[in-house]
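Let's take a walk through this structure together. Please have the model open so that you can follow along.

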Amino acid sequence: TWIYRAEIPTYLWSYDVSEEPSGTVLHLEIEPRDTSAGAAMEIPVRVELANGSQQTLLAFVDGSATSFRFDLPARPEKVVFDPDRAVLARAKQR
C-alpha cells in the first residue's frame, strides 16, 4: 500500500465483549480513515486474559469499516490495538 502512495491512515476502533451460549465473544469494529480506496492492512490485536495469558488476533482491514467476531476462552481484562506498533498508522479508540 505504501510503495506507490504516501499515506498514514487513522484507524478508529472499538470493542465489546459479550457472554453467549457458545462462550465469551470479542466484537471488534475498525474504521480506516485517511486512506485510498483498496488500501488493505492486517492489524494485530492483543487480548490479555485474567489468568495472565495473552492471545494475538489478526484483523484484516480492506479499506472500509469492518466488524470482527473472535471467540475467546475467557473474558479479557485488556484489549490492545497494534500492541507492538507494527503498523504505520494512527490508532484512536472510540
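What follows goes from the strands to the core and then to the salt bridges.

This is a predicted model, in which local features need pLDDT of at least 70 and side-chain atom pairs count only at pLDDT 80 or more, while totals for chains, interfaces and linings use all residues. Residues are numbered from 1 along each chain as its sequence is written, and side-chain values use heavy atoms, with hydrogens and water left out.

The side chain of T10 makes a polar contact of 3.0 Å with that of D34. A polar contact is a pair of N or O atoms within 3.5 Å; within protein, one must be able to donate a hydrogen and the other to accept it, and residues adjacent in sequence count only if both atoms are side-chain atoms. Beyond its neighbours within four places in sequence, T10 is in contact (heavy atoms within 4.5 Å) with residues including R90 and K92.

S18 also lies in strand β1, standing opposite V25 in β2. S18 is buried, with a relative accessible area of 17%, and its side chain has a polar contact of 3.0 Å with that of H27.

What lies in the largest nonpolar core? It has 20 residues, and those with the most contacts inside it are Y11, L26, L28, I30, I43, F68 and F81. Elements giving two or more residues to this core are β1, β2 (23-33), β3 (41-49), β4 (54-61), β5 (66-72) and β6, with β3 providing the largest share, five residues. Such a core is a set of buried Ala, Val, Leu, Ile, Met, Phe, Trp, Tyr and Cys residues joined through side-chain atoms within 4.5 Å. In soluble globular proteins, nonpolar side chains tend to be buried together. Setting aside residues within four places in sequence, L26 has contacts that include Y15, V47, L57, F68 and V79.

Finally, turn to the salt bridges, each a side-chain nitrogen of Lys or Arg within 4 Å of a carboxyl oxygen of Asp or Glu. The count comes to six. One of them joins the side chains of E20 and R69 (3.1 Å, N to O). Because E20 lies in β1 and R69 in β5, this pair ties together parts that are 49 residues apart in sequence. E20 is partly exposed at 27% relative accessibility, as is R69 at 45%, and E20, R69 and D71 are linked in a network of salt bridges.

E31 forms a salt bridge with R94, their closest N and O atoms being 2.2 Å apart. E31 lies in β2 and R94 in the segment after β7, so this pair ties together parts 63 residues apart in sequence.

Definitions and conventions: Buried means under 20% relative accessible area, exposed over 50%, partly exposed in between (1.4 Å probe, protein chains only). Helices (H or I, at least four residues) and strands (E, at least two) are DSSP runs, numbered from the N terminus. Two strands pair if DSSP finds at least two bridges between them.
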